[in-house]
Amino acid sequence: DPLLTRLVAALDAGRPVAGTADSLGLGARQLHRRSLAAFGYGPKTLARILRLRRALALAYAGVPFAETAARAGYADQPHLSREVRSLTGVALRELVPPPGSAS
């Protein structure tokens, strides 16, 4: 579905859900229904997951966690840490061990 491709691209770029819905010509409820049918969760959760993927890519590339948080769109490193635990159930350091540690 080209609309869903555009939805993922917009949210992956960090655009807000409401603005994305407007740009796609959809109401909030219609966007939620389509997202739920396609992905199994709503567009807000999709946006959180995509932002987490951006953050993890940065962290795995060796970017310090505080900088990772800022570049991925989190308020600060504790916000990133809370989101990681909320979405994955584990701590950020469990997913991305510090450089030089045995994994």
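**Figure 1. Overall view of the protein chain.** The protein chain exposes about 6,000 Å², of which carbon and sulfur atoms supply 55%; accessible areas come from the Shrake-Rupley method with a 1.4 Å probe, and for residues only the protein chains shown count as cover. The model is a predicted one, in which local features need pLDDT of at least 70 and side-chain atom pairs count only at pLDDT 80 or more, while totals for chains, interfaces and linings use all residues. Residues are numbered from 1 along each chain as its sequence is written, and side-chain values use heavy atoms, with hydrogens and water left out. The secondary structure comprises 7 helices and 0 strands, in the order α-α-α-α-α-α-α from the N terminus; helices (H or I, at least four residues) and strands (E, at least two) are DSSP runs, numbered from the N terminus. Taken along the principal axes, the box filled by the C-alpha atoms is roughly 50 × 20 × 20 Å. Of the 103 residues, 34% count as buried, where buried means under 20% relative accessible area, exposed means over 50%, and partly exposed lies in between (1.4 Å probe, protein chains only). Among contacts with a separation of 6 or more, 44% are between residues 24 or more positions apart, a contact being heavy atoms within 4.5 Å.

**Figure 2. Close-up of the largest nonpolar core and of leucine 80.** The largest nonpolar core has 14 residues, and those with the most contacts inside it are Tyr74, Leu80, Leu92 and Val96; a nonpolar core is a set of buried Ala, Val, Leu, Ile, Met, Phe, Trp, Tyr and Cys residues joined through side-chain atoms within 4.5 Å. Two or more residues of this core come from each of the elements α4 (43-60), α5 (65-72) and α6 (77-88), and α4 gives the most, with 5 residues. When residues up to four places away in sequence are not counted, leucine 80 touches Ala55, Phe65, Thr68, Ala69, Tyr74 and Leu92. A second, separate core of 12 residues includes Leu4, Val17, Ala47 and Leu50.

Figure 3. Serine 35 is found in helix α3 (residues 28-39), where serine 35 counts as buried because its relative accessibility is 0%. Residues up to four places away in sequence being left out, the contacts of serine 35 are Leu7, Gly40, Tyr41, Gly42 and Pro43. Arginine 34 forms a salt bridge with aspartate 1, with the closest N and O atoms 2.6 Å apart; a salt bridge is a side-chain nitrogen of Lys or Arg within 4 Å of a carboxyl oxygen of Asp or Glu. This pair links distant parts of the chain, since arginine 34 is in helix α3 and aspartate 1 is in the segment before α1 (2-12), 33 residues apart. Arginine 34 counts as partly exposed, at 29% relative accessibility.

Figure 4. Glutamate 83 and arginine 51 form a salt bridge in which the closest N and O atoms are 3.6 Å apart. Glutamate 83 lies in helix α6 and arginine 51 in helix α4, so the pair ties together parts that are 32 residues apart in sequence. Glutamate 83 is buried, with a relative accessible area of 9%, and arginine 51 also counts as buried, at 17% relative accessibility. Arg48, Arg51 and Glu83 are linked in a network of salt bridges, and the count of salt bridges comes to 5.

Figure 5. The side chains of glutamate 67 and arginine 71 meet in a salt bridge, with an N to O distance of 3.0 Å. These two residues are separated by about one helical turn because they are 4 residues apart in helix α5. Glutamate 67 is partly exposed, with a relative accessible area of 37%, whereas arginine 71 counts as exposed, at 51% relative accessibility. Alanine 72 is also found in helix α5, and alanine 72 is buried, with a relative accessible area of 5%. Leaving aside neighbours within four places in sequence, alanine 72 is in contact with Arg51, Arg54, Ala55 and Leu58. The C-alpha atoms of alanine 72 and glycine 25 are separated by 27 Å, the two residues being 47 residues apart along the chain.
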